[in-house]
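The following report describes selected features of the structure shown below. It is written for a reader who meets this structure here.

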Amino acid sequence: MQNFDWNALGVVFALLGAVLAALMGGIGSAIGVGLTGQAAAGVVTEDPSQFGKVLILQLLPGTQGIYGLLIGFVTLTQIGVLGGTAPDTLSKGLLYLAACLPMAIVGMVSAKWQAKAAVSSISLVAKRPDQFGKSMIFPAMVETYAVLALLISILSITSIANI
Amino acid sequence: MAVVEMKRIHVYALKNNRKKILEMLQRRAVVEVDTPEEASLGEAKGPFSKTDTASARLTFEKNAQLVGSAVETLDSYAPPQKSMLAMLEGRTGVSARQVQQTAEAAPEVTKIAANIVALGKRVNDQQAEIARLEAQLEALKPWMNLDVSMRTIGTNSTSVFIGTFPEELTAGEIKTRLAAALPEISGVEAEVVSTQPQQTCAFVVCLGREGAKVESALRGMGFTYPAAPSKKPPVQRAEDLRARIAAAQADIESAGKEIASYAGRRQDLLFTSDYYTMRASKYQVLGDLWQSPHVFYLTGYVTAGAAPALQRELEEKYQAFVEVETPAEGEDLPIKLQNGFFSAPVEGVIEGYSLPGKREVDPSKVMCVFYYVLFGMMLSDAAYGFLIALGMGIVLLKFKNIEEGLRKTLRMFFFCGLSTMFWGVLFGSYFGDAVDVIARTFFGYGADMPSLTPPLWFAPLDQPMRLMLFSFLLGIIHLFAGLAMQIYQLCRRGKYLDALYDSGFWYMLVGGLIIALVSLDMFQEMMGLSIAIPPVVTNIALAFAAIGAVGIVATSGRESRGVKRFLKGLYGLYGVSSWLSDILSYSRLLALGLATGVIAQVFNMLGTMAGSGPVGVVLFVLVFVIGHVLNLLINLLGAYVHTNRLQYVEFFGKFYEGGGRKFEPFAAKTKYFKITEE
């Protein structure tokens, strides 16, 4: 073990970050879109003409998965997997991991809560289809925090190479 | 910024012109009938009274419903040839004369509709009957081997028991158990008709005089008689049931054929349904009118532009007495928006929030510019934008008869598409980096050669900070435009001081702080900026910010007195935190813009996985088409939702409350045809 090169683990942790971002964002969105899908299907059984509207509401919690994919991909292009150079030290690898965490954690949690807001909005649309414009805003409010997390993650990832 | 001016119109006319006048008003669709309540008139109503038309209206509504459900039934038997684009084709235009013909034919068509509905009901009944018969048939199945009636109870000297045991038994087992229970009785015969898991159907016979004892012994073994024993032997009974099912099926078929034979009348049915809807709404208005024995009085709101022509027509053609006046200050005027080619499309977005309330302006003209710009930035791909604009353009050109609301939405996306194209060119994104990827993979373009589609401005993925700053800048412009709207609104009402207090000071505070922030070295270094701001400017900016802050503290609580006022003022200043979050919120422009580009890149890369051979080409085309369609749809949704959010929450939050009531003119609210003027 004395000759173990700890710095070789850098790229491992960096990849772990990329994977976590895609993984947790994806899990959150899958849960979210699943929840909203159930509610949306219920509305369509009663009133098929609302399909277009509830579909939009159903898809709202789907973006976290995409953001996670985005962070995962951008990280891969930085750490020598799809381009860029592999981190040469352990600390750099850990930096990439840390940079991915906002998107991974906030993405997963916000997708779930956004889905709950979207489910309520779907029942709002079921009762008052004319209020679609407003109903869209409530879930979109939750997404703000996923966007902010995405922002911090992406700014960190693109700057780590220059540290 | 056009909230259409409304006038109040009073029409007094002779009753013998009533029908014609109402029909004319319904066709024109420019008057919203708004009759004063009885209580507010008091003694002034004189000989006028309202007529109760509810029952007549109900009849028409019921007829409309009947015809509607007839069409539904008809469509399930003779599906109309509807193309995917049917919703774009709009309602069929018909002349007033055709409407007259529809009116004359209505009773006959209603009879057809009633017939179709009755046939539909017959089909449903027969289907229920078939289900019932099939259940019976199912219940008979275990008994098919029985060749006597299931109700057989015996002959003169024997007793017969036909029924089931709740377990699997053989004839021998039954007999053994009976013998064990009744050792004194002999000559019991048992026969098993069928066995299934948990059930044995059996036939037991014994001497007539021992019947009672055998029965109680059987019951002790869990024997039960079947729930619905058939009189005839099961085989015959099953045949009867099958015959009845076949008859019911034949009946369904003939009813279905008869329904389908009306397919040619579909158009008539649709028109008649609309005709009844029209009549119903006319009767509703009729019930709202004040009428004396010879005269009726109608009042309501009319758009100012349509008023003179309407007045002239009513006076000249129908000898009515018409007054048009400016509504009183306190009246709850209905709101109608009117805008030009470029700004009208966003009316729907405004309506989705709320129409302008009292004394508010129509924000369409200002909003549309931001809407298109923000939308374009979030999608920001030249090829996607081109596809959207092209699709919308073709639809708009090809289908001239599209309903107005849908046309506006399509036009909105057309402009959004153009804007997307614009930003895509600036950021150098054409299906992401598809051009480079194709050139490198299939045409051997060197990987280290410069991009074939260089951005006109800069590539967001290379300089995210720069794009973020630009997003914030756009956000500040957007928010300041909202504040300007507030100032405009307040000034229009003559509240100049309020404009200064609620908007002016915020300009100073936020503007000053931003300039001061930008001049900080730390900030410049962080953002990679190099703007030399002379210290004088910084100081002036800080002074402005201070004036703004003091002004806000001093005036935010101006409705209160004393300490409360000061505290409210401080709370007002705390609003600066909401400015911070509002501005940060525009970072979604960067996030969504990057999302489009990066996902497009992911798909392009996936497509090249199989190299440049023939398989590679096929894979690339497949991945390219599916991937980009998916990406376009997802990001279109994202851009739409988040553009709306920025408008509703950030922009409207600065000046707009809404709460207006939509102008709902008395019109032919038809679903299938549109009356064109004679």
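Chain B is divided into four parts, listed in the table; their bounds come from an automatic or database domain assignment.

| Domain of chain B | Residues |
|---|---|
| domain 1 | 1-47 + 290-336 |
| domain 2 | 151-225 |
| domain 3 | 341-493 + 588-662 |
| domain 4 | 495-585 |

The centres of domain 2 of chain B and domain 4 of chain B, taken over C-alpha atoms, are separated by 99 Å.

The model is predicted: local features need pLDDT of at least 70 and side-chain atom pairs count only at pLDDT 80 or more, whereas totals for chains, interfaces and linings use all residues. Residues are numbered from 1 along each chain as its sequence is written, and chains are lettered from A and ligands numbered from 1 in the order in which they are written.

**Helix 6 of chain B**

Helices (H or I, at least four residues) and strands (E, at least two) are DSSP runs, numbered from the N terminus. A residue is called buried if 20 or more other C-beta atoms, placed from the backbone, lie within 10 Å of its own, exposed if 12 or fewer do, and partly exposed in between. In helix 6 of chain B (residues 211-220), the residues B:Val214, B:Ala217 and B:Leu218 are buried. They lie on the same side of helix 6 of chain B, because they cover an arc of only 100 degrees around the axis, the arc being that of the directions from the helix axis to the C-beta atoms. An α-helix has 3.6 residues a turn, so residues three or four places apart point the same way.

The buried residues of this helix pack against strand 4 (158-165), helix 5 (171-181) and strand 6 (199-207) of chain B; a contact requires C-beta atoms, placed from the backbone, within 7 Å. On the face turned away from the buried side are the exposed residues B:Ala212, B:Ser216, B:Arg219 and B:Gly220. Just after helix 6 of chain B, B:Gly222 has a positive phi of about 90 degrees.

Chain A has five helices and zero strands. Its radius of gyration, taken over C-alpha atoms, is 19 Å, well over the 15 Å of the globule rule (2.2 Å times the number of residues to the power 0.38) for 163 residues, so chain A is more spread out than a compact globule. The C-alpha atoms of chain A fill a box of roughly 70 × 25 × 20 Å along the principal axes.

Between the chains, 23 residues of chain B are in contact with 24 residues of chain A. Helix 10 (347-353), helix 15 (464-492), helix 21 (587-607) and helix 22 (614-651) of chain B each give two or more residues to the side that touches chain A.

Notes:
Contact = placed C-beta atoms within 7 Å.
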